[in-house]
Amino acid sequence: MLLLALFLVPALGAAGAFARGTRHGGWLVWVAAIHLILVATAWWSPPAAVLDGWLALDPLGLVVLSVVSLLFFVVATYAVGYLRCERTGRGFASWLLAFLATASLVAVSHHLALLWVGMEGTTLALAPLIFQRRDRRSLEAVWKYLVLSSVGIALALLGTFFLSTAQGELSPGVRPLVLEDLVAHAALLHPVWLKAAFVFLLVGYGTKLGLAPMHTWKPDTYGEAPALVGGLMAGGLTSCAFLGIARVTEVAVAAGLGQFVQPPLVIFGLLSLTVAAAFVVGQTDVKRLLAYSSVEHVGLLVLGLGLGGVGVYGSVLHLVNNAVVKGLLFLAVGNAVLVVGPAATAFPSSGGGVLRAVPVSGILLLLGLFAVTGSPPFGMFLSEFTIVRAAWAGGHPWIAGAVLALLAVIFIGVGAMMLGMLYGPVASSGPRARESAWLVAGPAALVVAALALGIAIPGPLQQLLARAATALGGSAP
Amino acid sequence: MERLADLLLLLVLLFGFLILGTTRLTTCIRAVAVQGGLLGLLPLVLRPQWSVHTLGLAAGTILVKAIVLPWFLIWAIREAAVRREVEPRVGYVASLVLGILAVAVAGAVAVRLPVPGEHPVLLVTTSLACVIMGLQVLATRAKALIQVVGYLMLENGIYVFGLTSLDRVPFLVEVGVLLDVFVGVFIMGIVVFHINREFDSLDSARLTELRD
Amino acid sequence: MNLCFWGLATIVAAAGCAAVLRSRPVLADRAYGLLVAVGCVVAAAPAVSVLAGGSAADIQIPIPAPSGPWVFGLDRLSAAFLLVVLGPGLASALYGLRALGGDGSRRGVATARALFAVELAALALVVLARAVVPFLVAWEAMAVLAYFLVTFDNERAEVRRAGWVYLVATHVGTLALIALFASWAGAGGGLTFDALASRAGSLPARGALVLCLALFGFGLKAGLVPLHFWLPDAHASAPTHVSALMSGVVIKMGIYGLIRVVSLLGAPPAWWGWLVLVSGVLSGVLGVLWALAQHDLKRLLAYHSVENIGIILIGLGTGALGAAYGVPLVAVLGFAGAVLHTMNHALFKSLLFLGAGATVHATGTRIMDRLGGLGRRMPFTWVSFLIGSVAIVGLPPLNGFVSEWVIYLGLLRGGTAGGSIRLVLLGVVGLAIIGGLALACFAKVCGVVFLGVPRSDAALHGHEVAGGMLGPMFGLAGACAFIGLAPGLAVGPALVVGASIARIPFPASGSEVFAGIVRLGLWSLVLVVLLALGAVAWAAVRRRRSLTRAETWGCGYALQNERMQYTASSFAAPLLAAYGRLAGVHETHAHGGRAFHSQARELVLDGAILPAWSAVRGVLARLRPLQHGRLWVYLLYVIAILLLLLLYLAQGASP
Amino acid sequence: MLPGVAAKTKAVLTGRRGAPLMQLYWDLFRLVRKGAVYSTTTTWIFRLAPVAGLVTPLLALGLLPLDGRHALFGFTGDFVGFAALLALGRFTLVLAALDTGSSFEGMGASRDATFASLVEPALFLSFVVLALASGQLSLEGMLGGTQALPWGAAAPALAMAAASLFFVLLTEASRMPVDDPATHLELTMIHEVTVLDHSGPDLALLLYGAALRMALFAALLVGVLASRGRLPGPAALGLLVAGLLTVAVAVGVVESSMARFRLSRVPQFLVAASVLASLGAILQLLS
């Protein structure tokens with residue numbers, strides 16, 4: 001019942017928001033709070049599977065669900081301040097809530113076709129939010145986003161059908177396309193179809209995840225979308241997409257195809273890191289920069305998954321860190337945009353000075369810089385350290401070396417851009433708005449979270465991550 | 001019944017070629033509409049003992065793919081007052097040849113693939129061929145609207161493959177899929193409409209402002 | 001051990017009150033100074049007791065994986081470096097109270113004070129940490145806070161650039177350390193240092209990879225040639241008391257890291273010892289040579305840090321070789337010399353930086369050729385700076401001489417021992433060259449800055465600085481003199497620390513060293529007494545002679561003016577000429593050859609790093625056209641990757 | 001009196017009568033009775049320099065086993081102290097020169113510091129050879145002590161070291177071919193111009209300090225060439241004096257036989273000294 005509620009509450013909230021045509025964020029906060037409470041209860045009392053096992057909550061799902069819910073709550077509080085400064089089209093709130101609903105569906109659905117439905121839903125729910133300013137650039141961005149994601153998601157659907165085909169003639173009692181049964185009877189799966197399914201799902205969901213070279217929509221979309229939407233995409237959407245890839249990997253590993261699935265994952269990871277490094281250096285727009293940094297981090301996610309062992313744990317932990325830090329960065333940049341104006345995201349053309357214009361957000365951004373580049377004591381340091389450890393333990397010192405070298409290049413790129421943007425004299429003349437408590441509370445909370453994750457991961461979360469990692473065929477350090 | 005199914009599938013393929021070959025936008029849309037209709041009939045043919053599931057699926061498919069979406073796209077063209085030519089990036093003859101190749105490849109793969117249950121080989125062939133053609137249209141056609149058509153073709157191909165596991169993919173999911181396709185194309189249509197308003201052309205090749 | 005943490009807590013509390021009381025600066029500064037002082041003393045107490053032979057229990061904070069438990073401990077090595085951190089740190093902090101914001105400008109001052117205090121705590125934690133994660137956390141905190149302190153004056157573009165170069169260098173170093181510990185820790189097993197030490201035996205090639213990564217990662221921080229490229233700019237453009245901390249303490253953390261890794265690994269292979277020794281000689285000679293070529297006072301001092309790091313590494317290499325070849329006495333002497341020289345350099349280098357800061361504070365310029373004659377105008381600064389100079393040149397009766405003496409002993413004991421270890425005598429040559437050049441260099445600094453006649457109005461109107469700035473300088477100078485005159489009290493513990501690093505009991509053959517120390521101390525005392533007596537007696541003699549004061553004899557030139565004095569450039573010219581290209585100097589004769597000037601460029605940074613980086617950028621830029629904005633090509637990417645994976649599937653399926 | 005000896009030899013060799021041997025003492029006496037002139041720009045360091053210039057060589061003398069057995073002081077590794085003391089003296093001298101603010105002193109100081117820094121390695125390398133040959137780390141042990149330097153075993157190496165020490169002596173005592181004590185053209189002088197502004201008693205001290213410096217190195221050289229560990233005290237002292245005189249004569253011979261180098265060629269000369277010594281060290285290591 002709880003599982004249904006997780007999906008229905010935000011869905012009804014979206015409908016209500018659309019009906020009331022609400023233009024302020026209070027409604028968002030309330031719905032997000034209720035959703036958060038529901039997730040919390042799921043922590044205390046794990047809900048039973050419903051709908052013949054279509055909806056269930058396993059550790060990995062719970063991780064994604066909690067991440068999305070928390071991030072959405074933060075974004076909702078931010079939206080309160082945001083909607084006071086910016087005029088948005090009707091339905092802004094309802095599309096956001098629709099995203100929450102579909103994302104929750106993705107997190108809780110164990111029927112892979114249903115998971116696909118939810119995934120497509122998340123894609124579509126965010127599309128209208130991207131072209132709030134109906135200008136050329138945002139239209140181009142949303143068009144590329146739609147076409148590429150739709151193609152990707154279509155391939156994923158084909159992959160899903162392949163998977164059901166791989167089940168062959170169903171022995172009685174085995175439910176089609178339900179995760180538990182797939183894993184339980186993995187040995188019976190037809191290997192060729194399973195491999196084909198893995199390939200198509202990897203490319204399909206990889207497109208949504210933004211792995212190179214299917215990442216091409218990402219910089220355009222993140223660059224044009226409002227900052228908080230960018231945060232939801234980089235933090236929430238990626239988590240959902242990763243969940244999709246993780247599911248099929250889980251099945252493949254259970255079927256003993258680990259040897260087959262790991263190389264592509266590792267290669268995608270390294271490729272994404274390389275592309276990110278290449279495009280981060282000399283980047284001239286912070287939002288695009290963050291997009292490429294997101295490419296980097298999803299690359300690390302699949303890399304950890306592909307390395308196996310401790311790496312899987314590292315990548316699940318990285319999922320959490322990524323959501324927190326990306327949310328922080330996008331919201332802080334959003335404040336700069338609100339106060340200084342759209343020019344704030346461009347450097348060197350804008351001349352910097354953000355630290356003066358928005359002191360609080362500036363400092364948050366500064367901390368975010370070190371958080372996103374994996375410096376201790378922020379969380380990403382721990383996850384990246386664990387992934388590198390896994391590479392070494394797995395006997396791939398060259399992978400570890402390459403990853404660290406690319407991280408160094410990426411640090412130079414990100415740091416040069418963001419420090420340049422932060423320091424220096426104030427660029428714009430008069431501030432258009434001031435950073436209100438609503439605007440800074442969210443990112444500040446995220447900074448605290450990032451620190452906490454780096455210094456001491458709470459016990460329950462730690463155990464949850466460990467169980468998720470073991471379910472994916474990995475191991476906890 | 002087998003023959004009928006084969007006939008329908010053959011028609012689906014032919015209309016696919018029509019989309020590749022035609023010079024006129026509206027023809028493309030009509031063709032993809034007919035394709036949708038044929039797909040809607042397929043379940044009824046493949047499962048003679050009609051159940052609620054198959055009937056509902058057929059109805060939904062026909063409604064969405066053969067009626068609503070095409071009508072909507074046509075409306076978009078009319079509103080946008082687009083020039084009617086397709087303006088391919090790859091010539092018509094070339095695309096037709098590519099189409100043939102696609103069918104050949106699809107067939108070659110299909111006969112090798114171990115499809116469970118008794119299904120006409122043509123089914124898998126058609127679905128794969130449709131997928132490839134759809135991608136081809138998406139990649140080689142300049143106008144945004146035709147890319148929507150290409151996407152629809154892609155979906156049709158996948159739908160056809162879905163028919164192989166008709167009796168295990170539950171109705172709810174089918175509906176969900178249909179709904180997603182519907183909303184997706186709907187939003188695309190709206191975006192196309194706005195693009196046209198902004199760029200006074202549907203040529204998606206002009207959308208190259210965002211770059212590094 | 002707990003006492004240490006209480007002290008650090010007090011220091012952090014000082015930061016807190018600097019931040020909170022920013023509305024009432026006077027009160028804030030008083031409280032800040034008091035708290036920092038108390039904190040440093042309290043935290044130093046356990047270290048002293050440990051060096052005196054006591055011991056401290058580890059502190060363990062249980063933290064779940066993947067970080068594992070946080071362990072902190074205080075062994076002799078940590079204790080020695082803790083003193084290195086706290087002594088100069090305290091002096092710089094107090095000095096900063098007057099130097100920064102003393103002139104009423106308050107913007108960012110409170111923040112800088114707070115950051116400085118936290119930096120001190122972070123430094124202390126670096127040497128206390130006994131597990132990978134807390135170590136790296138403290139390390140990065142130290143590095144990043146140092147970045148913010150360096151870029152305090154971030155209005156100026158060159159300061160931002162210097163800070164940025166430093167930040168990149170230190171982050172790359174951190175990544176190297178991550179690689180180091182990741183490769184060492186492997187998949188399972190704990191991340192405490194004890195666990196690492198227990199796994200040391202199983203490392204491939206006797207931990208060659210670990211040692212190389214350590215030399216790179218920690219070497220970047222310590223600034224050994226050619227990894228020093230970030231150091232001169234960063235140290236020159238930081239506020240003076242920050243430069244003092246950076247040069248005196250922060251770079252020493254690199255040394256600490258190296259020693260810690262060695263002591264965890266056990267006796268390193270011989271080739272590594274040679275590597276360290278050679279790089280030490282290289283750093284020492286090139287560092288002092290480049291220093292000689294500088295005209296910016298603070299840059300010059302920064303290059304001298306490179307030189308002294310070289311000396312320390314010579315000691316360290318000697319110790320490593322002693323351990324590798326199984327000559328205990330050499331191992332102990334080498335490590336002890338390294339540790340002792342680290343301590344000494346921390347003292348006199350921060351002293352020198354504080355002195356330089358005083359002159360800059362008084363005259364407003366760092367260019368030596370615009371200074372001169374400050375000895376009369378700021379006598380106290382001059383004396384303390386002179387003490388620092390004599391110490392850094394390694395002359396008796398001050399501490400620099402003592403540590404170099406220990407290192408010389410180690411080298412020669414290695415030479416008189418049998419086997420290929422005798423080649424360490426190479427180090428003697430290095431040390432000798434370094435000593436000579438350093439003497440010339442500081443003769444130049446003292447002479448040009450403090451003696452002669454002022455070369456500009458700025459120097460003319462120089463004035464003595466406030467007591468708040470003199471106090472710390474005197475303290476440091478006192479420490480230098482103390483170690484110099486009572487070497488036993490410093491060398492004894494240093495030898496014990498060296499033995500603990502080499503993990504061997506102190507060899508009996510070292511008794512001659514102890515005997516030597518005592519007589520050395522006596523001898524230094526005699527020197528001082530003789531000088532004093534001589535000065536007094538001679539003053540008496542003079543008093544009975546007729547003294548006349550006149551212009552300096554200009555050899556017949558009627559009109560002399562300050563512009564005719566020997567400048568820093570011309571003083572250094574013959575030496576630099578002797579060393580040719582190595583010095584990286586190009587000379588210019590302005591005004592038709594009547595004015596002489598020489599310009600030094602940073603060889604490694606401008607000559608190697610930046611070109612290499614721009615080459616990398618060029619390569620990366622080649623990839624940019626991939627993102628050209630054409631949607632249909634993006635679709636082709638997707639299709640292509642799909643086909644590739646299908647091929648992979650096919651070749652996987654065929655067999 | 002050694003400079004006198006050297007000058008005398010030179011004079012004799014060049015066929016002049018030359019100044020009496022005790023000339024230096026006469027000069028000193030005269031100077032001490034004179035008054036002194038101080039430049040207005042100078043500070044206390046200028047006055048301290050002469051004292052240091054005298055004290056440091058004296059104390060260094062205390063490190064040498066003059067009687068062939070024991071030194072006044074002497075501790076393991078005291079040769080470092082030996083070199084450091086001389087460096088200290090030179091440091092103060094250079095500072096004093098710069099104190100005057102005259103470009104001539106500056107020039108002299110600069111050259112002085114340069115040559116000193118170049119000669120340092122030679123000195124240390126010679127010590128290395130001695131240490132290797134004798135296995136001792138204190139001058140006392142190297143030169144004096146009961147067991148003499150193994151001239152039989154390590155003759156070539158020791159010879160190298162001795163030669164290099166002789167070069168060092170020429171430099172430290174600022175004789176030909178490095179410096180010309182007799183010149184009176186400021187631009188070519190080194191030591192002379194460094195002390196140009198000192199006068200009266202100060203100058204006396206400085207001159208005497210320089211002479212001591214020469215004696216010091218001569219004594220060191222003698223210690224190396226003729227170790228007198230087993231001789232009775234007086235004989236040892238006598239031998240020492242004889243040795244000193246011979247060294248001085250040798251210096252005089254050199255001075256009269258070769259001209260002063262161009263300044264730019266001096267470094268090569270000094271490097272040659274280091275090369276000699278390192279050659280000796282290598283020989284010793286190989287043996």
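Colleague: Is the crossing in which H17(C) passes H22(C) left-handed or right-handed?

Modeller: Residues are numbered from 1 along each chain as its sequence is written, while chains are lettered from A and ligands numbered from 1 in the order in which they are written. The model is predicted: local features need pLDDT of at least 70, side-chain atom pairs count only at pLDDT 80 or more, and totals for chains, interfaces and linings use all residues. A crossing is left-handed if the near helix is turned anticlockwise from the far one by less than a right angle, and right-handed if clockwise. Here H17(C) passes H22(C) in a crossing that is right-handed.

Colleague: Which residues make the contact of H17(C) with H22(C)?

Modeller: Helices (H or I, at least four residues) and strands (E, at least two) are DSSP runs, numbered from the N terminus. Two residues are in contact if their C-beta atoms, placed from the backbone, lie within 7 Å. H17(C) gives Ala440(C), Lys444(C) and Val448(C). H22(C) gives Ala568(C), Phe571(C), Ala572(C) and Leu575(C).

Colleague: How many residues of that contact between H17(C) and H22(C) are nonpolar?

Modeller: Ala, Val, Leu, Ile, Met, Phe, Trp, Tyr, Cys and Pro count as nonpolar; Asp, Glu, Lys and Arg are charged; the others, Gly among them, are polar. The contact of H17(C) with H22(C) has one charged residue and no polar ones. The nonpolar count is six.

Colleague: Are H17(C) and H22(C) roughly parallel or roughly antiparallel to each other?

Modeller: Axes are lines fitted to C-alpha atoms, for helices over the stretch in contact, and angles run from 0 to 180 degrees between N-to-C directions. H17 (residues 425-450) and H22 (residues 568-579) of chain C have axes 10 Å apart and pack at about 165°. Angles under 35 degrees count as roughly parallel, over 145 as roughly antiparallel, 65 to 115 as roughly perpendicular and the rest as oblique. H17(C) and H22(C) are therefore roughly antiparallel.

Colleague: Which element gives the largest share of the side of chain C that touches chain D?

Modeller: Of the four pairs of chains that touch, chains C and D have the most contacts. There, 66 residues of chain C meet 63 residues of chain D. The side of chain C has 41 nonpolar, 16 polar and nine charged residues. Its largest share, 16 residues, comes from H21(C).

Colleague: How many residues of the side of chain A that touches chain C are charged?

Modeller: That contact takes 56 residues from chain A and 44 residues from chain C. On the side of chain A, H17(A) gives the largest share, eleven residues. By class, this side has 42 nonpolar and eleven polar residues, and its charged residues number three.

Colleague: How far apart are the closest C-alpha atoms of chain B and chain D?

Modeller: Chain A and chain D do not touch, and their nearest C-alpha atoms are 42 Å apart. No contact joins chain B and chain D either. Their closest C-alpha atoms are separated by 57 Å.

Colleague: Where in chain A is confidence lowest?

Modeller: pLDDT is the predictor's confidence in each residue, from 0 to 100. Chain A has a mean of 90, with 98% of its residues at 70 or more. Confidence is highest in H12(A), at 95. The lowest mean, 85, belongs to H14(A).

Colleague: Is Arg366(C) buried or exposed?

Modeller: Arg366(C) is found in the loop between H13 and H14 of chain C. A residue is buried if 20 or more other C-beta atoms lie within 10 Å of its own, exposed if 12 or fewer, and partly exposed in between, with C-beta atoms placed from the backbone. Arg366(C) has 21 such atoms, so it is buried.

Colleague: How far apart in space are Arg366(C) and Asp296(C)?

Modeller: Leaving aside neighbours within four places in sequence, Arg366(C) is in contact with Asp296(C), Leu297(C), Lys298(C) and Val360(C). Arg366(C) and Asp296(C) are 70 residues apart in sequence. In space, C-alpha to C-alpha, the distance is 5.4 Å.

Colleague: What is the omega of the peptide bond that joins Pro396(C) and Pro397(C)?

Modeller: Pro397(C) lies in the loop between H15 and H16 of chain C. The bond joining Pro396(C) and Pro397(C) is cis. Its omega is about 5°.
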